[in-house]
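Morning, everyone. Let me put the structure up, and then I will walk you through it.

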Amino acid sequence: MLDKLFDHAQIEPRIVEKSKSPVAQTVKSNVKSDTFTITLPPPNITGSLHLGHAFTSVIQDILLRFKRQHGYATLGQPGIDHAGIATQIIVANQLRDRGINWQRIGRSNFIEQVWAWKEQSGGTILYQLVRLGMSIDLDRVRFTMDDEASDAVLYAFTQLYKDGLIYRAKRIVNWDPILKTAVSDLEVSNKTENGKMWYIRYPMGQNDFITIATTRPETLFGDQALAVHPDDERYKHLIGTNVRIPLTDRVIPIIADECSDPQKGSGIFKVTPAHDFTDFDVGTRHNLPLMVIMDECGCLNDEVPAEFRHLPVSVARDRVVNALNEKGLLEKTEDIVHSVPHNDRSGAVIEPMVTNQWFLETKKLADMAIKAVEDGHIKFVPEHWMNTYFEWLRNIQPWCLSRQIWWGHQIPVWYADNGKMFCARTEEEAIRQAAKYFDVDVTQVPKLTRDPDVLDTWFSSALWPFVTLGWPNSTDELNKYYPTDVLVTGFDIIFFWVSRMIMFGLYFTKKVPFKVVYINPLVRDEKGQKMSKSKGNVIDPLHLMNKYGTDALRFTLATLAIPGRDIRLGESLVESGRNFITKVWNAAKFLELKGGTFGECIDISASSALGASNEQGGKVSDIVTLPLNQWIIQKLFDFKKQSKSYLDEYRIDLFAQSIYKFLKDTFCDVYIESVKTCDDEESKKTMAAVFAEFLKVAHPIMPFITEFLWNELGGGASSSMLLLQSWADVPDVEATQESTLVEYYVSVAEEIRSIRGIIGVKDKLALFAKSNANDEFLLNNAHWLKVLARLSSVEIMHNLPAEGIRFVVQGQEFCLKYGDTISAEVFEKKVQALQGDIQRLTLKIGNEQYKQAKPENWDADVELKKQKEWELAKLQAYTCP
């Protein structure tokens, strides 16, 4: 017997354990069948489950379970990312806490420490994902630095190098002076800070100046030009002349470049190509020198005047400003608020700086990736994210591949003393290349030194969809499961990960790596604010799972998965999700109370059960006779068809809503309420059959309670787990006249409920129906209509009573009466009250100050006004003589 409440804490671990073997078997099966593959975005080895992970994972698992239930050989490929910089910081800090300087122990010893930490603490998030209900095979977990992945990375790098796409050059990058490495744009966040704008005079001749505004006065030592717009009449005469850099004797030219905005500031700006991304492009166009004025620690170097050398930027800035002021070269200073780039991991202020790095020329790869999407080989959901993808790829720059850290894939390039480079997958191969180059025996090759840099973490991640299936080898799994089907990810890494996987997939495999890119929304708090530790509004999904159950969290996230819209999540929504899980549990308890089991129910899961295999198709009346039973089976079929359609279109939110509406509104509030007092065998078996099918459909969203109930109510007695049960085989049946009439009178009951809610009547009412062709059906089924609409009586009349509320449903007139409770006076008072409420709310939400001060309350009042307007429209459609 089922317990009073669903105990998720006891049941969930049992279902997780029970599901392991069937999940693994669907991947390993040699049976020829359609495949469905999702390569799971590999979480960082340093990570733990947060709502972003949870949301993405729930979407993935719903799709995997749906396909698995319908016979697909499904693969949800799990893995972990080595997270180069993040992991190095964690391990370095742990060593520091033990009194060990990570740099002094040397590279090999440090990497040993990282591997030891990985074995002990890494990968915790994978087990948290399994607890979330992810139906993945943990025996298949891959790591971006396991042996197979490392070999693939070496293969990819050397191939791109041989093809002339990877090269070493001096270009501008985001430089972290604390970590002493280049970092990707994704690791850079702009923080709003109070700052200064300094207006500096650049001397022209004896007594003339040009004033330039800057927030970084210390970089003036690296200036190579001043730039004006070629059409700016104010400065045309200056183009080609020179100015002197303040505090130095160096002279630079004034050049014309369309990058200069005549409407911004003075319309003239300083060009520092080695320390500003825009200036770097300007310098490239005009062939300006690159003068790097900082070292790897972010201190000014020997290129600047002696008094400013070796000073950190913040100190140097103050000294430069003071020196400018003393020499009369500082015109004015303004307080401003501006964005300053930081590295979130180290806290360092990012310094744009030209350094010698490894780059990948991406233009050719980007063109292929653009064409693949333009030609429809890859679809974006929602479609508008395709524009973001195109925008980034059409403006793509060379990809900086190298990082100046130790943890990661070390770049496979070796150098001879004369600077000659040898790119090879192994040192032995590099030595053979050197022997050929120097024309000596391999034993006589001069010592080679390997490049100390490692590859950007995104390089190995870009290979993920096919590396995890055995590439560059031609494996059975690669041939079976690649290309993959769907990628579920966030919009913020469309460029950093999605586009690069597409580029590498097309380049190395000649195939797109996936067919659909599902971009999930950003999860915000219930007030619409982005979650952050500093705001104290971060919601821990593990806390929600412990308190309300995993199914409740999964269902809540699914209902919020509206494409193209950020979602607002508060704990109260998960509590509501838990309430729905309880509704499912209570429906099962009622079925158990009635003696219904899945082993003895009507077979309505296949077309043959309804005779739909013949040319004419079947009818629900072929297996059930009572109108309510015909109706609920017809509603079930409609529900299943609609649910499959929603999932095929990736409308997870509508799928979740359909589950809610069918279980609560159709099955519980109408069907169960109507047959509560029925003890006939047909109704009991119908109820069991419909609930069994509901569990199948709902399983992808709420796997724990559905799997448990399937087993407890007999579904698992003679068949496999619910995890593998199909439900998409919906018979093509014709609705019976009886089921159509039930649907009609259910809508009558709903109309009566609306009237009750608006008028505020709780007592039983008398219903009078105007006579029509359905009189006999109504009289025979009045018993359940009275239950649904809370009616004292149902009468059929040729002429309706003069008093009461009259309403019309599909052309038939009805009248509701209850003494003086429903009268013209009561009706009119309610109309006037609603009109007053609407007028008051209109004035309230029209107050802009109120909207700005209390946006949540304002939103609620907008919705309340809509509700009142709906109620008024309903009342005005009725008549009350």
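**Cis prolines, salt bridges and a helix pair**

I start at Pro-483, which sits in the loop between helix 14 and strand 22 (486–490). Helices here are DSSP runs of H or I with at least four residues, strands are runs of E with at least two, and both are numbered from the N terminus. The peptide bond joining Tyr-482 to Pro-483 is cis, with omega about 0°.

Before going on, the ground rules. This is a predicted model: local features need pLDDT of at least 70, side-chain atom pairs count only at pLDDT 80 or more, and totals for chains, interfaces and linings use all residues. Residues are numbered from 1 along each chain as its sequence is written, and side-chain values use heavy atoms, with hydrogens and water left out.

Back to the prolines. Another cis bond runs from Trp-471 to Pro-472, with omega near 15°. Pro-472 belongs to the loop between helix 13 (464–467) and helix 14 (476–481).

Now the backbone at two other loops. Ala-83 has phi near 50°, a positive value in a residue other than glycine. Look for Ala-83 between strand 3 (79–80) and helix 3 (84–97), in the loop. Is Ala-83 buried or exposed? Ala-83 is buried, at 5% relative accessibility. The cut-offs: buried is under 20% relative accessible area, exposed is over 50%, and partly exposed is in between, with a 1.4 Å probe and protein chains only.

Lys-510 also is not a glycine, and its phi is positive, about 65°. Its loop runs between helix 15 (494–509) and strand 23 (516–520). Lys-510 is exposed, with 66% relative accessible area.

Step back to the whole chain. The protein chain has 27 helices and 31 strands. Its C-alpha atoms fill a box of roughly 105 × 70 × 55 Å along the principal axes. Of the 881 residues, 53% are buried. The accessible surface is about 39900 Å², and carbon and sulfur atoms hold 47% of that. Those areas come from the Shrake-Rupley method with a 1.4 Å probe; for residues, only the protein chains shown count as cover.

What about contacts along the sequence? Take the contacts with a separation of 6 or more: 77% of them are between residues 24 or more positions apart. A contact means heavy atoms within 4.5 Å.

Next, salt bridges. How many does the structure hold? There are 41 salt bridges. The criterion is a side-chain nitrogen of Lys or Arg within 4 Å of a carboxyl oxygen of Asp or Glu.

One of them pairs Arg-524 with Asp-566, at 2.9 Å from N to O. Arg-524 is in strand 24 (residues 523–525) and Asp-566 is in the loop between helix 17 and strand 25 (567–569), so this pair ties together parts 42 residues apart in sequence. Arg-524 is partly exposed, at 22% relative accessible area. Asp-566 is partly exposed too, at 35%.

Asp-669 forms a salt bridge with Lys-583, with the closest N and O atoms 3.8 Å apart. Asp-669 is in helix 20 (residues 652–675) and Lys-583 in helix 18 (residues 571–593), so the tie spans 86 residues of sequence. Lys-583 is partly exposed, at 29% relative accessible area.

Glu-863 and Lys-866 give a local example: their closest N and O atoms are 3.6 Å apart. Both lie in helix 27 (residues 855–877), three residues apart, about one turn of the helix. Salt bridges can also share partners, and in this way Lys-583, Lys-664, Asp-665 and Asp-669 join into one network.

Last stop, a helix pair. Helix 17 (residues 550–559) packs on helix 22 (residues 703–712) at about 125°, with the axes 7 Å apart. Axes are lines fitted to C-alpha atoms, for helices over the stretch in contact, and angles run from 0 to 180 degrees between N-to-C directions. Helix 17 and helix 22 are therefore oblique to each other. Under 35 degrees counts as roughly parallel, over 145 as roughly antiparallel, 65 to 115 as roughly perpendicular, and the rest as oblique.

Which residues meet there? Thr-550, Asp-551 and Arg-554 of helix 17 meet Pro-703, Phe-704 and Ile-705 of helix 22. That contact of helix 17 with helix 22 divides into three nonpolar residues, one polar and two charged. Here Ala, Val, Leu, Ile, Met, Phe, Trp, Tyr, Cys and Pro count as nonpolar, Asp, Glu, Lys and Arg as charged, and the others, Gly among them, as polar.
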